[in-house]
Amino acid sequence: MGLFADYALALDERRFDEWTELFCEQCHYEVQSRENWELGLPAALIYCDSRGMVQDRVTVLKDTLTYPYLHIRHLITNIRIHGETAGAYRVSASYLVLHSTEEGETKIYSTGKYEDEIVLTESGPRFRKKIVIADTSAIDNLLAVPL
Amino acid sequence: MGLFADYALALDERRFDEWTELFCEQCHYEVQSRENWELGLPAALIYCDSRGMVQDRVTVLKDTLTYPYLHIRHLITNIRIHGETAGAYRVSASYLVLHSTEEGETKIYSTGKYEDEIVLTESGPRFRKKIVIADTSAIDNLLAVPL
Amino acid sequence: MGLFADYALALDERRFDEWTELFCEQCHYEVQSRENWELGLPAALIYCDSRGMVQDRVTVLKDTLTYPYLHIRHLITNIRIHGETAGAYRVSASYLVLHSTEEGETKIYSTGKYEDEIVLTESGPRFRKKIVIADTSAIDNLLAVPL
């Protein structure tokens, strides 16, 4: 599904405005640890309940750029449509995010699962909901770039 | 192909009964090292020639849970249909299995290739044959969870 | 898209002649570091502007085999068609290449992105252009096997 490739590329190439555009106005974006998710705990590492909040998050990245310069790569696989809920497709996928440093080393940053709701709009498919469930619990540099 | 995503998710979320259901009654599931496979040697790390044997294998996992608690993630890509053999599709795919520890570290556990035969049944596509050919030869904790 | 799976498998199984066949006669294959690519610098790690040059490159591999024996695995995801240029599809994809040593360890060798032009020929889809943009800048053993 092209939406996931667009999502990955927009983040990897720091086109944060385009990344934001992949969400509905009324949306929900959340990053959870897998422990909390399996226990049904509400605590989230990132929590946005509108596109405005999603935008704020990446505006900080563009303006301050406090994170160390490095390359990011999202690999998204196992995309699976599970059914429909209130006009949206429920879709899951697995992800792997890799960070490459200026020294040339590539390391695993995070792996986990997306649990999404996708709606078809006039501008194309958009995320109405995106829950990132991270298997990797030790996440350094404060989740600077969204997963 | 949804079958591979279902296979990955069932293992990653420890829904072993659902995982077992993805195999035909009459099936063949085998894990080989790539060395042995390339040399045509018969020795397998795991060998099951019926769904009953596949079930036995994961029943042990559910009942004893001797493996250290951790998160597993399968990333399956490069899915390719190569043709048909006796009513089944011959399909290959590449996999990467990641383990994340409670300490928060994510490590590569195994990478390799699947060589499968898939049949379309009334309940959906099912594996009649699945050969896992593991590039990674140093596999610790005794292959507790299937690849 | 089957072409990417064929590309990955041909390299991973050292079927270099079949890998070469996936390029057009008139083709362009290039490996760049992401730094250079983002800065628009022309310096390439590998540069071939015909299938003959691509062939020469892997002929060396077959004949001399100076690279240490190991297993290679390409995982290709995020395949995305971006449009058409002069009769070819512009397609991007993300890759992860893993190396497994005889000692049994699997390590990340390179991650990055493909920017390709694919044409449909009578023999199937073929790469008219393939630019490999590597996030991983420290690449050892001299890029023995193409990315």
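Visitor: Where does B:Lys130 lie relative to B:Tyr114?
Guide: In this predicted model, B:Lys130 lies over the face of B:Tyr114, at 3.7 Å from the ring centre.

Visitor: And in chain A, what sits over the ring of A:Tyr114?
Guide: That's the charged end of A:Lys130, 3.7 Å from the ring's centre.

Visitor: Okay, switching to pairs. How many aromatic pairs are there over all chains?
Guide: Searching the whole structure turns up 33 of them. One is A:Trp19 with A:Tyr29, an edge-to-face pair with 5.7 Å centre to centre and 85° between the planes.

Visitor: What parts does that pair tie together?
Guide: A:Trp19 belongs to helix 2 (residues 16–21) of chain A and A:Tyr29 to strand 1 (residues 23–33) of chain A, so the pair joins parts that are ten residues apart in sequence.

Visitor: Are A:Trp19 and A:Tyr29 buried or exposed?
Guide: Both A:Trp19 and A:Tyr29 are buried.

Visitor: Now chain C. Why is the pair of C:Tyr7 and C:Phe127 edge-to-face?
Guide: Planes over 60 degrees apart count as edge-to-face. The planes of C:Tyr7 and C:Phe127 are at 80°, with ring centres 5.5 Å apart, so this pair gets that label.

Visitor: Where in the chain are those two?
Guide: C:Tyr7 is in helix 1 (residues 2–12) of chain C, while C:Phe127 is in strand 6 (residues 124–134) of chain C.

Visitor: Buried or exposed, C:Tyr7 and C:Phe127?
Guide: C:Tyr7 is buried, and C:Phe127 is too.

Note on methods
Residues numbered from 1 in each chain as written. Chains lettered and ligands numbered in written order. Predicted model: local features only at pLDDT ≥ 70, side-chain atom pairs only at ≥ 80, totals over all residues. Heavy atoms only, no water. Phe/Tyr/Trp six-rings, centres within 6.5 Å; stacked < 30°, edge-to-face > 60°. Helix = DSSP H or I, 4+ residues; strand = E, 2+ residues; numbered from the N terminus. Buried < 20%, exposed > 50% of the residue type's maximum accessible area, 1.4 Å probe, protein only. Lys NZ or Arg CZ within 6 Å of the ring centre and 35° of its normal.
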